[in-house]
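Work through these exercises with the structure open beside you. Try each task before you read its solution.

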Amino acid sequence: MKKDFFALIFVVNDHANFHLSGLCKLRSLQELDISRNSLKGSIPPCISNLTSLRLLELSENNLGGTIPSDLLRLKSLEYLSLSLNHFEGSISLSSFANNSNLEVLELDSLNNELHVDTENTPWKPLFQLKVLRLSNCKINEPTRSIPSFLLTQRELRVVNLSYNAMVGEVPTWLLNNNTRLEFLSLAENSFTGQFVLPADFKNLDLFWLDMWKNDIQGPLPASIGHILPNLQYLNMSRNSFHGSIPPSIGNMSKLYSLDLSSNNFTGELPEHFVMGCKELTTLKLSHNNLQGQLFLRKWNLTSVRFLRKQMIKPLRLMSDEYGWTAYRSFRSYEYQSILGVNHQYVEAGFYSSDVAEEIEFISKSRSESYTGNILYFMSGIDLSMNKFAGPIPPELGFLSDIHTLNLSHNQMNGSIPRTFSNLKQIQSLDLSDNKLSGEIPSDLVQLNFLSVFSVANNNLSGRTPDRKAQFATFEASSYEGNPFLCGLLLEENCRRSNAISDPNPGENDLFKDSFLETFVPSCIVAFLGVVAFIYFNPSCRMLFQFVEAKLLSSI
């Protein structure tokens with residue numbers, strides 16, 4: 001008995017040896033998911049024979065070659081995902097113009113060799129997309145303009161146009177036109193202009209907004225925290241924003257990651273945004289002109305896992321460049337809500353995030369990488385390259401789970417808190433290029449996981465920590481620029497230094513005894529010599545007699 005297949009799902013298999021052409025005869029197939037199976041080769045043209053196909057999911061394989069043009073003309077398609085493969089050649093999105101069913105289109109490229117054209121011919125789409133992902137493609141070359149058909153879209157919920165080097169005014173109209181938008185990434189383009197949000201606009205759904213590495217100018221909207229109150233991820237780094245950080249960010253009570261680094265922000269950190277963002281785990285404010293004290297005592301640091309105002313090179317989520325990992329859990333929801341399917345593997349978390357992430361932490365010239373689902377385990381504080389002043393808060397020493405602490409290139413003074421010996425998980429500690437004084441706490445040698453350490457270019461004094469445990473691995477560059485420090489690694493020998501500044505007590509007593517034995521008799525002999533000279537010298541004797549006569553006559 002012949003049985004038609006309506007849905008075909010391949011379980012994850014890193015060694016799948018399968019030819020897609022074998023599926024071309026399943027003409028009744030409606031859903032085909034072969035994602036994450038290490039498939040190689042190209043998509044066979046005969047795949048367009050599957051005229052009942054509603055869902056085609058081929059993402060995260062090793063497929064290459066060109067995308068068959070006939071595939072784009074399948075009017076039955078509602079969901080098409082070819083993301084994270086190695087396709088090349090050109091496609092025109094106008095091929096989808098008459099597909100009124102299309103709701104999900106994902107073409108994220110791994111090799112940046114896929115040319116996507118949307119402006120070659122005038123066209124008006126019949127579809128209303130809910131998900132559009134075109135990251136790391138070559139869009140509309142050579143003009144590099146943003147796809148104009150997006151002006152007709154009103155139902156978008158996920159838009160990722162990152163890593164495309166597109167130009168023009170920053171398209172804030174995507175937010176205005178799509179009031180249910182939840183995910184927007186325009187990272188690493190060349191958009192200019194100001195990021196303006198209407199005062200009467202409000203989006204309660206947007207949880208992810210990424211504008212990293214553009215050339216957006218002007219201040220952040222003062223009311224951004226009221227307009228986008230449910231943001232969880234906000235990245236505006238590497239732009240040209242200026243002015244102060246809006247206190248209204250404190251209204252984003254669900255915000256866990258905030259990156260405003262590499263801009264021209266000035267002033268102090270708003271008190272309210274630190275107090276209001278109680279879920280904050282990532283704060284990146286490097287390369288700005290912020291000033292003031294680091295943390296007031298009333299600020300809540302207990303939930304902060306990654307506070308960053310970074311020094312030289314950016315800390316990056318290397319494996320998640322296109323926002324894929326964060327989107328994966330959202331994707332399972334879209335799979336069901338948009339297409340109405342209810343696969344058990346989706347409900348069971350088949351699309352849970354198991355993509356390995358990597359964080360590269362740069363301290364001085366040394367790079368430390370950490371892999372795994374790093375945001376769940378990695379923690380740290382990097383407040384470098386600003387103008388923060390005052391003492392280091394001892395309370396930082398009680399954040400015992402942090403892995404990295406970078407306070408370098410500021411104007412901090414005072415001593416190194418002894419509470420830092422509580423940082424038992426610390427792997428990188430950089431306090432260089434400040435105005436710290438006093439001694440280096442000897443208890444720091446108990447930090448057994450420390451692999452990066454620098455207190456260079458301060459005013460520290462005393463001995464360097466004993467060369468044992470992890471401190472046996474650090475070089476003189478960790479301590480350079482402190483003229484009053486001494487130790488085995490430094491030119492300044494502690495014995496010689498102590499002999500100058502604090503001589504040996506036994507030698508000091510001997511010096512005092514010798515001084516008294518020679519100086520006192522010399523003084524007595526000199527005094528008697530002067531008296532004898534005056535007494536036996538005739539001129540001096542006459543002078544004394546004259547003075548004596550004057551004194552007697554005045555009585």
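**Exercise 1. Find how many contacts the model has for residues 499–511 beyond four places in sequence.**

Solution. Start with pLDDT, the predictor's confidence in each residue, from 0 to 100. Over residues 499–511 it stays under 50. Now count contacts, meaning heavy atoms within 4.5 Å. Beyond four places in sequence, the model has two for this stretch.

Next, take the whole chain. Its mean pLDDT is 79, and 71% of its residues reach 70 or more. Residues 305–378 have a pLDDT below 50, yet this stretch has 226 contacts beyond near neighbours in sequence.

Keep the ground rules in mind: this is a predicted model, where local features need pLDDT of at least 70, side-chain atom pairs count only at pLDDT 80 or more, and totals for chains, interfaces and linings use all residues. Residues are numbered from 1 along each chain as its sequence is written, and side-chain values use heavy atoms, with hydrogens and water left out.

**Exercise 2. Classify the ring pair of Trp123 and Phe149.**

Solution. First, the rule. Rings of Phe, Tyr and Trp (its six-membered ring) pair if their centres lie within 6.5 Å; planes under 30 degrees apart are stacked, over 60 edge-to-face, and the rest tilted. A search of the whole structure finds 12 aromatic pairs. In this one the centres are 5.3 Å apart and the planes stand at 35 degrees, so the pair is tilted.

Second, the location. Helices (H or I, at least four residues) and strands (E, at least two) are DSSP runs, numbered from the N terminus. Trp123 lies in the loop between β10 (114–117) and β11 (131–133), and Phe149 in the loop between β12 (138–139) and β13 (158–160), so the pair ties together parts 26 residues apart in sequence.

Third, the burial. Buried means under 20% relative accessible area, exposed over 50%, and partly exposed in between (1.4 Å probe, protein chains only). Trp123 is buried at 19%. Phe149 is buried too, at 4%.

Ring pairs also link Phe183, Phe207, Trp208 and Tyr233 into a cluster.

**Exercise 3. Trace the salt bridge between Arg54 and Glu78.**

Solution. Side chains of opposite charge can pair when their charged atoms come close. A salt bridge needs a side-chain nitrogen of Lys or Arg within 4 Å of a carboxyl oxygen of Asp or Glu. The structure holds seven. Between Arg54 and Glu78 the N to O distance is 2.8 Å. Arg54 sits in the loop between β3 (40–41) and β4 (55–57), Glu78 in the loop between β5 (62–65) and β6 (79–81), 24 residues apart. Arg54 is partly exposed at 21% relative accessibility. Glu78 is buried at 16%.

Now try another bridge. Asp108 and Arg133 meet at 2.7 Å, N to O. Asp108 is in the loop between β9 (104–106) and β10, while Arg133 is in strand β11, 25 residues apart. Both residues are buried.

**Exercise 4. Which side chains of strand β24 (residues 289–292) are buried?**

Solution. The side chains alternate along the strand. Leu290 and Gly292 point to one face and are buried.

Then look at the partners. Two strands pair if DSSP finds at least two bridges between them. Strand β22 (residues 264–267) pairs with β24 in the parallel sense over two bridges. There, Thr266 stands opposite Asn289. Two bridges also join β24 to strand β30 (residues 387–391), and these run parallel. In β30, Phe388 is the bridge partner of Gly292.
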